[in-house]
Amino acid sequence: MSAEKLSFQAEVSRLLDIVVNSLYSEKEIFLRELISNASDACDKLRYLALTEPALLGEDAELAITISLDKAARTITVADNGIGMNRDELVANLGTIARSGTAAFVGEMSGDAKKDSNLIGQFGVGFYSAFMVAREVEVLTRKAGEDAAWLWTSDGQGDYTVAASEKAARGTIITLRLRDGMDDYLEADRLKQIVRRYSDHIAIPIKFLEDGKLETANRASALWTRSKSEIKPEDYKEFYHHVSHAFDDPAETIHWRAEGIIEYTGLLFIPGSRPFDLFHPERKNRVKLYVRRVFITDDCQELVPEYLRFLRGVIDSEDLPLNVSREMLQSSPVVQKMRQGIVKRVLGDLEKKAEKDAEGYAAFWENFGPVLKEGLYSEHGNERDSLLKLARFRSTHGDGQGDGLVSLADYVGRMKEGQDTIFYITGEDASALLASPQLEGFKAKGVEVLLLTDPIDEFWVPAIGQFDGKNFKSVTRGGSDLSKVKVEDKPEDEKQDEAADKDGDIGSLVALLKLALKDEVKDVRASERLTDSAVCLVADDGDMDMHLERLLRQHKQLDSAFKRILEVNAGHPVIRRLASHVAAKGAEAEIDDAAYLLLDQARIVEGEAVPDPRAFARRLSGFLEKGLA
Ligand SMILES: Nc1ncnc2c1ncn2[C@@H]1O[C@H](COP(=O)(O)OP(=O)(O)OP(=O)(O)O)[C@@H](O)[C@H]1O
């Protein structure tokens, strides 16, 4: 059968472009990637052979073999793992099946530096071979099948697949090196790379030199070694292998649980946020082993969703080797391990938060929004631990929302008479800081949490309270500010308040209500405004305004809640309007003023003005009068 010519998926072509133009300064990592794949292929075979021993047959010693041919300028990496059939070959080495790939590739800018950072999070795996090779050949035969296939490509957009011959199962990858890559034709250099990057691989990596085989790594699973023997670089390289990521781990958690159930955990918190963390299909990929045999990287019961950024290995001593997927789903051993993992990881995070505020803040920036999902989904102690770990921007400190505060910090700073934890939700902290609803709180020195993750709209109502204090949005209901005592209030503020009480605000509010009829739920004099003339708030029991916008953006809601318009009795415009009304009673222009005030409040809230023409007409009318 002749060779079939196929094109790479567009995303692969783009990745290859970047890879070939060599964004990585360390080209040598190509070997790490190929060895990593070969070791995964051996793990997969060993697992299948538990139930189908014939797959291993005579050839039961799984190994990776590296050899060189200086004259032909080739390196080969061979394994006797699971191998691939034709369809798998085309799917695995011609496309990227991972969810979110298209969006990810779309983000690449063509700017070499930025793209290399992005690719670092994504991992190019097999394709990194093209950094050093002008042509790559993959000869493979799937375990249990007779047919072998040869995949060939120069990484320029196409590849070919042809039926071929191979005596035994497994995969042989041959790289024809580019000019200038002669370095990699030295056996010592390759051995050094293997030692650097792959010493922790549990499968023997052998060098074939002058007809002799020499094992170049220790071939013992890293997590089984004692911690004192393991160097930080070993952990780092194991992280690269197990996560297929290029960044470095921010946290390494290695422990052995002994007692009713026994297992070893070696888990990593990535140093950067994986590109697909919020993709709906993103799953936890912690690898489950049973007594050193890889079982699966798709056991969702092992790690809660809100820790889906964890990478690494859990190796159980108690599960049976032939454990099935169904068994895993209902296994009390898995449940116990999950509890242990959660306790360990959250405990370590708590220690980090105490000892290394800066490092913890960096962790929180990356993974806080995911951890907060647990505030919503979990209960009891797990939720309590998460509440301790949660950090927020707030109006405390420099007032720029830069620092992170905990709920305990907040409660510790509450003012006399304050019995509520105040918050505001929105897209970004700096926009929130400019919200009119915050003015009164700032003026009274009452701290407000600035919540900017979509999940905040859900966990806050789900929890309702922290330390016996209710949460309350400053954009909703009565502001409760009058209860808060303020020590030294400037004289002019007191005068303002006195003036308001005696003033004509009552009749103005009544007239505004009349003018706006069904446009608003109510009009009220505000406690929370100090600088702005007006703002909108949600009635207690109605949907939060930010949540409503969020849901409407996602087409989850088409009706709109009516809001309350609050007016600032101390603001010059409102005062003038109030005395105007007192002197002249209701006039047509009150209607226009009412709508202008309402539209202004909408604009500040980031909402569209429903009738822009009417808005422009009214505004021009008032300008004209003002200029006359
Ligand atoms: N030596 C091999 N034996 C069997 N299958 C292999 C081998 N090398 C690669 N594959 C298959 O090709 C797929 C793609 O490999 P590739 O290195 O591009 O990505 P990956 O290892 O899945 O993930 P990442 O891109 O994060 O490294 C693998 O998931 C595996 O199924």
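Author: Residues are numbered from 1 along each chain as its sequence is written. In this predicted model, local features need pLDDT of at least 70 and side-chain atom pairs count only at pLDDT 80 or more, while totals for chains, interfaces and linings use all residues.

Reader: Why is arginine 291 called partly exposed?

Author: A residue is buried with 20 or more other C-beta atoms within 10 Å of its own, exposed with 12 or fewer, and partly exposed in between, the C-beta atoms being placed from the backbone. Arginine 291 has 13 C-beta neighbours inside 10 Å, and therefore counts as partly exposed.

Reader: Why does lysine 555 count as exposed?

Author: Lysine 555 has 7 C-beta neighbours inside 10 Å, so this residue counts as exposed.

Reader: What makes the phi of arginine 291 worth a remark?

Author: Most residues other than glycine have a negative phi. Arginine 291, although not a glycine, has a positive phi of about 40°, and lysine 555, also not a glycine, has a positive phi of about 55°. Arginine 291 is found in the loop between strand E12 (287–290) and strand E13 (293–296), whereas lysine 555 is found in the loop between helix H18 (545–553) and strand E22 (564–567); helices (H or I, at least four residues) and strands (E, at least two) are DSSP runs, numbered from the N terminus.

Reader: Which helix supplies the largest share of the shell around the ligand?

Author: Helix H2 does, with 4 residues, and H2 (29–51) and H3 (86–94) each supply at least two.
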